[in-house]
Amino acid sequence: MPDCSEHVNEPGRGSETSEDDPPMSRLFIFCDKIHTENDIRKSFSPYGLLQDVKIIKEKETGENKGFAYVKYAKTSEAAKAQEELHGSIIGKSDRPLRVFVAASRSQGANKSQKIEQEQCVRLFIQCPKETGEQELRDEFKQWGPVESVTLIRHKDTGNPKGFGYIRYTKFYHAALAFENCSAKYKAKFADPKNPKRSTEDHFSDKSEPGKMLNLNIKKTEQSQPTSLNVIVSKTIKQDQLWRLFDIVPGLDYCQILKEGDYNNEAIVVYHNPESAIYAKEKIHGFEYPVGERIIVKLSDMSSAHIDTTFIEKHTRKETFCSVPLPQANPMAPSDSQVAKRLFMIMPTPVPVAILKNIFSCWPGLIDLYFLPNKSCGYVKYADKESAMKAMETLSGAEICGTKIKIVEAEEQIKHDGSKTTNDDGSRKRMRRN
């Protein structure tokens, strides 16, 4: 547990360089190489006073490297821009922007060029020792929802030390509080938590200070990388690769590094190992385009004992579908009676898991599949109305950059008088269209 002396020397509001004053007011942007300074300025200026816009370029050729910085006059302006423009598409490019708070120049060149979200939403404050947590919550909630209030206490007595942390759910709200709260709190953005120290404290043997309990715990939580090595078809472009891996929450960086005669080599980086492992499990071996498998390898990372089930529930459909979608629903039992079938065609098939995630936004989805070695397939619903709504919404939309066309699958009367779907007839009709 930290004591007050650990925070007295934290950088304050007046100790940053001009580029870092106020703190967290500079943004680091992954952009497209075709983006211009005017594209960046036009998109970011509505959120506040821009003090600087800089596109990073190759020294020899002057070509845009795909990175940029913008500097705002206020932290709250940068926060609003970061939250609104992260994942947006600007200019003539169809590649989504990735916008992060830039690391302070004082951190040095060996540090990451961006800082983590945790550091953007926590404020360190000083307060009278008699101040309670509820009093602080009531004070700071005027700038936005407060997720937690933590007062640091003495281990022996449990009495407050006179400082603590306010954690918000959004960077923008934390920035407003930083700028507008009373000067008596001496508010500043808190340093990130030290997971290594907290883990050691948790497992250390109190009877023998400094000695760790023999629990056979592998120290993977702090050392696991979150990057993937990817080999794809040479026909896959940067924006297509980005859309494919952006279906998994937490994508940080995605870049084709080497273009070969037959394949392209790329690196994909996520915020956490759970997302990286989930992406590897879902995308490795997928044929994209048909007949060419994507190879995904973890960079010296073990997937043992890492829970990735939460990813399935938080996949962001809006990042890979061009139309607004309702909330997803559980799929219907596989033995449900089929009320309606749809026939779909995509020039470049995308993972079935993605399509099921999208088509399940309408209740009653039973199954979805592509025909063997074909770029077309079927969608089966237990509810006819849901099927019709899905067709109306999705036909003509883009999924992972590929346009999908959907029609009703034709039905044919069997000898016994029952109806069935005529797969061949549907395909012929699609070809005629």
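Start by selecting Gln238 and Ile256: a polar atom of the Gln238 side chain sits 3.0 Å from the backbone nitrogen of Ile256. Keep in mind as you look around that this is a predicted model.

Now check how these two residues relate along the chain. Gln238 and Ile256 are 18 residues apart in sequence, yet their C-alpha atoms are 6.4 Å apart in space.

Stay on Gln238 and show the side chain of Gln255 too. The two side chains make a polar contact, at 3.5 Å.

Next, colour residues 238-245. That's helix α8, and Gln238 is part of it.

Is Gln238 buried or exposed? Gln238 counts as buried, because its relative accessibility is 17% and the cut-off for buried is under 20%.

Time to zoom out and select the whole protein chain. How many helices and strands does the protein chain have? Switch to a cartoon view and you can look for 13 helices and 20 strands. Of the 433 residues in the chain, 45% are buried.

With the surface back on, the protein chain shows about 23300 Å² of accessible area, and carbon and sulfur atoms account for 47% of that.

Last stop: the contacts across the whole chain. Take those between residues at least 6 apart in sequence, and 65% of them join residues at least 24 apart.

Notes. Residues numbered from 1 in each chain as written. Predicted model: local features only at pLDDT ≥ 70, side-chain atom pairs only at ≥ 80, totals over all residues. Heavy atoms only, no water. Helix = DSSP H or I, 4+ residues; strand = E, 2+ residues; numbered from the N terminus. Buried < 20%, exposed > 50% of the residue type's maximum accessible area, 1.4 Å probe, protein only. Contact = heavy atoms within 4.5 Å. Areas by Shrake-Rupley, 256 points an atom, 1.4 Å probe, with all protein chains shown as cover. Polar contact = N/O pair within 3.5 Å; in protein donor to acceptor, adjacent residues only side chain to side chain.
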